Amino acid sequence: MRALAAQLLVVGSPLADPVDPTLAAVRRLGVGGVILTGRSAAGVRVVADRSAALQGSVPNGRPGLLVSVDQEGGQVQTLSGPGFGTIPSAVVQGGWAADRLTGAAERWGSQLRAAGINVDLAPVSDVLSPRLGARNLSVGISDRTFGTAPDDVASGVVAFVDGLDRARVAATVKHFPGLGQVAPNTDTSRDVRDTVTTSDSMSLEPFRRAIAAGVPAVMVSSAIYARIDRAAPAAFSRAVITDLLRDRLGFTGLVVADDLGRAVAVAGVAVNQRSVRFVAAGGDVVLTVDPRAAAPMIDGLSRRAAGDPAFAATVVAAARRVLAVKQRLGLLRC
């Protein structure tokens, strides 16, 4: 059970630091994946060497790692340098024809694949409120959205997802059910509360279209959506993850948490309970940019599973979904 719980963890590996601490964590904890954090302008070859070292640290007989990165474009392009193209912002991408964007995303995805990256935590699928514009500190101020009209955003999202799929990189649409209607940033603010979005909002259309197109992963935000679940952040909400995303929208792939390690929005919850609440709500991939949080998060999952057969079954189901994606990415070893 502890090994299954560990497969749900994706932990931060700072690009500015030596890779050795992450290698040790992979060997010791058996985590299912890493997220490369910070910035690197070293180029494809250097990142590929880091990715290869990470994959090589996985003990024999264990599945390979999900190696992920935030490679959206504009201000959020983690990897650059030789072999990586300059990716314009989503605002610019949103003005392109769908076939042009698909072709570009396939090219960017191929660069990631050459660097050993198999998951892109992109594209942003939030519909930006025209009322907020740049006052939206999550996605508006940094031009991270394809636009303010649900159909326009949906077209950009589907084109980007299609391009990454052609490059054999798993796309992750985010931040369900949307951060376009709030001003504060969940990374830096507590009690970020959306009082607009409902289960029927048109701002969900990009997520609906991406799910219909077969997107493999959806990232859930840590804001509170008062008209869906007034009590819990989306990442800890069964109403958001299970009732809305899985049951109503029919998503059967990986549900990924927005950062549960350093984000201020979840700071009031004990570290070892953040993973438990997320998985209990229906989530799969527990992402923490703070690698120190990984061990207590695994502890929390395995201890809860030891005393709760229903929760143990939930962990097993989540691990199966992780392994199914790893199988499609060629990460299961015989």
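In which loop is the place of D191? In this predicted model, D191 belongs to the loop between β7 and β8, and its phi is near 50°, a positive value in a residue other than glycine. The loop between β7 and β8 is also the place of P177, and a cis peptide bond with an omega of about -5° joins F176 to P177.

**Backbone features**

R168, found in the loop between α6 and β7, has a positive phi of about 65° although it is not a glycine. R168 counts as exposed because its relative accessibility is 52%, the cut-off for that class being over 50%.

| Residue | Phi |
|---|---|
| R168 | about 65° |
| D191 | near 50° |
| G214 | near 90° |

Eight strands form an open sheet with parallel pairing, in the order β12-β9-β7-β6-β3-β2-β1-β13. Its edge strands, each of which pairs on one side only, are β12 (254–257) and β13 (286–288). Within this sheet, β7 and β9 pair in the parallel sense over three bridges, and V173 has V218 of β9 as its bridge partner.

Helix α7 lies across β7 and β9 and runs at about 155° to β7. The buried residues of α7, which spans residues 205–212, are E205, P206, F207, A210 and I211. The elements that cover these buried residues include the strands β7 (170–176) and β9 (217–220), together with the helices α6 (150–166) and α8 (238–248).

**The pair α10 and α11**

Two packed helices are described by the angle between their axes and the distance between the axes. For α10 (residues 294–307) and α11 (residues 309–328), the axes come within 5 Å and cross at roughly 130°, which means that α10 is oblique to α11. The crossing of α10 and α11 is left-handed. On the α10 side the contact is made by L301, R304, A305 and G307, and on the α11 side by P309, F311 and A312. Sorted by class, the contact of α10 with α11 has five nonpolar residues, one polar residue and one charged residue.

Notes. Residues numbered from 1 in each chain as written. Predicted model: local features only at pLDDT ≥ 70, side-chain atom pairs only at ≥ 80, totals over all residues. Heavy atoms only, no water. Buried < 20%, exposed > 50% of the residue type's maximum accessible area, 1.4 Å probe, protein only. Helix = DSSP H or I, 4+ residues; strand = E, 2+ residues; numbered from the N terminus. Contact = heavy atoms within 4.5 Å. Axes fitted to C-alpha atoms, helices over the stretch in contact; angles between N-to-C directions. Parallel < 35°, antiparallel > 145°, perpendicular 65-115°, else oblique. Left-handed = near helix turned anticlockwise from the far one by under 90°. Nonpolar A, V, L, I, M, F, W, Y, C, P; charged D, E, K, R; others polar. Pairing = 2+ DSSP bridges.
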